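Here are my notes on the model you sent. Please read them with the structure open beside you.

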Amino acid sequence: GDIGRYLQVARDELKRAAGIIGRLRDVYTPSKPEDRQPTDVNGLLEHVLTVTQKRCEDSGVRVTWRPGQGLPNVKLVHGSMQQVFLNLVLNAVDAMPSGGKLQVSTARIRRPAGVRITITDSGGGIPAEALPRLFEPFHTSKADGLGLGLYITHRIVEEHGGRISVESEAGHGSTFSF
């Protein structure tokens, strides 16, 4: 009985991992510039904050949203950038298991012309030794994580010609800007 049950669990987990790896293949095919549509970044972020609102409330996370004014539209692949925002917001919520503050803001930047997005959590922060490897594939601090979320996030941002950076202090939360 027991061995059969363990094998079934293992098979299910392998299927789940295979599904994730399958979806990952899409990440390796960079989006073509012609797939990108001029996008209202504030609108896209607001959508993600609406989708994650219940998860934030259930986790005791208070969200502060500061949309920048007069932002230019940015040429983006909608689905990909939505995945980036979702990854970063959900990671921030995971970093605050006993609740906290999530600050999301956008600002117009001149050089290079475009938009900067900043996502800050009040969680436990990222240990200094983990920072250099943060965007590497299969690097994770989560027991059930595959360590691909930030890798994918990084790939998508770079594909769009953007840069992503992180600042973190153990015990004082983290800030991702891109």
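1. Strand E6 and strand E7 (residues 174-177) pair in the antiparallel sense over four bridges. Pairing here requires at least two DSSP bridges between the strands. Strands (E, at least two residues) and helices (H or I, at least four) are DSSP runs, numbered from the N terminus. Ser-165 has Ser-177 in E7 as its bridge partner. Five residues separate E6 and E7 in this hairpin, and Gly-171 in the turn has a positive phi of about 85°.

2. A word on the basis. This is a predicted model: local features need pLDDT of at least 70 and side-chain atom pairs count only at pLDDT 80 or more, while totals for chains, interfaces and linings use all residues. Residues are numbered from 1 along each chain as its sequence is written, and side-chain values use heavy atoms, with hydrogens and water left out.

3. Strand E4 (residues 100-109) and strand E5 (residues 114-121) run antiparallel, joined by eight bridges. Val-104 has Ile-119 in E5 as its bridge partner.

4. Now helix H2 (residues 41-51). Its buried residues (under 20% relative accessible area, 1.4 Å probe, protein chains only) are Val-41, Asn-42, Leu-44, Leu-45, Val-48 and Leu-49. They lie on the same side of H2, because they cover an arc of only 165° around the axis. That arc is taken from the directions from the helix axis to the C-beta atoms. Thr-50 and Val-51, on the other side, are exposed, that is, over 50%. Asp-40 caps the N-terminal end of H2, with a side-chain oxygen 3.1 Å from the backbone nitrogen of Asn-42.

5. Which residues have the most contacts inside the largest nonpolar core? They are Phe-85, Leu-102, Phe-176 and Phe-178, in a core of 36 residues. Such a core is a set of buried Ala, Val, Leu, Ile, Met, Phe, Trp, Tyr and Cys residues joined through side-chain atoms within 4.5 Å. H2, helix H4 (78-94), E4, E5 and helix H5 (149-159) each give two or more residues. H4 gives the largest share, seven residues.

6. Leaving aside neighbours within four places in sequence, Phe-85 is in contact (heavy atoms within 4.5 Å) with Val-41, Leu-44, Leu-45, Val-48, Ile-117 and Phe-178.

Key. Polar contact = N/O pair within 3.5 Å; in protein donor to acceptor, adjacent residues only side chain to side chain.
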